[in-house]
Amino acid sequence: QVQLVESGGGLVQAGGSLRLSCAASGLPLSSYVMGWFRQAPGKEREFVASIGWSSTTTKYADSVKGRFTISRDTAKNTLHLQMNSLKPEDTAVYYCAARWYLKTDFDYWGQGTQVTVSS
């Protein structure tokens, strides 16, 4: 059974930092690309960042480049998103996701964790 479980969300002031984690199980992670997405109230879900589990190739949305860093701990099967210099517009529910490396769509999703940035 595939499980992606996020943690680390919370309330932070603008300019602050948070680190999200996603514990993954039930997948052969070496063949998967892991990603973070977010959805703000009234908006569509959007891509934030992704990383190849084996290749470590990373991609970022322009809105978070230079502020967010995606990484993974292969020993603990855990994905992280370090978020610095947070802005009120980063407020959203953040989701961890996974896709097989040859596919374009993400197949597996976590339940989400709320991040709220106050001004």
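Colleague: Which residue does Asp107 meet in a salt bridge?

Modeller: This is a predicted model, in which local features need pLDDT of at least 70, side-chain atom pairs count only at pLDDT 80 or more, and totals for chains, interfaces and linings use all residues. Residues are numbered from 1 along each chain as its sequence is written, and side-chain values use heavy atoms, with hydrogens and water left out. A salt bridge is a side-chain nitrogen of Lys or Arg within 4 Å of a carboxyl oxygen of Asp or Glu. With an N to O distance of 2.8 Å, the partner of Asp107 is Lys103.

Colleague: Is Arg38 buried or exposed?

Modeller: Buried means under 20% relative accessible area, exposed over 50%, and partly exposed in between (1.4 Å probe, protein chains only). Glu46, which pairs with Arg38 in a salt bridge of 2.6 Å, is partly exposed at 36%. Arg38 has a relative accessible area of 5%, so the residue counts as buried.

Colleague: Which residues are linked with Arg38 in a network of salt bridges?

Modeller: By the rule above, the count comes to five salt bridges. One of them joins Asp62 and Lys65 at 3.2 Å, and Asp62 is exposed at 64% relative accessibility. The network that holds Arg38 also contains Glu46, Arg67 and Asp90.

Colleague: Which residues touch the most other members of the largest nonpolar core?

Modeller: A nonpolar core is a set of buried Ala, Val, Leu, Ile, Met, Phe, Trp, Tyr and Cys residues joined through side-chain atoms within 4.5 Å. In soluble globular proteins, nonpolar side chains tend to be buried together. The largest core here has 30 residues, and those touching the most other members are Met34, Trp36, Leu81, Met83 and Tyr94.

Colleague: With which residues is Leu81 in contact, leaving aside its neighbours within four places in sequence?

Modeller: Contact means heavy atoms within 4.5 Å. Under that criterion, the partners of Leu81 are Leu18, Arg19, Leu20, Trp36, Val48, Ala49, Phe68, Thr69, Ile70 and Tyr94.

Colleague: How many helices and strands does the protein chain have?

Modeller: Helices (H or I, at least four residues) and strands (E, at least two) are DSSP runs, numbered from the N terminus. The chain comes to zero helices and eleven strands.

Colleague: What radius of gyration does the protein chain have?

Modeller: The radius is taken over C-alpha atoms, and the globule rule is 2.2 Å times the number of residues to the power 0.38. For 119 residues, a compact globule would have a value near 14 Å; the chain agrees, at 13 Å.
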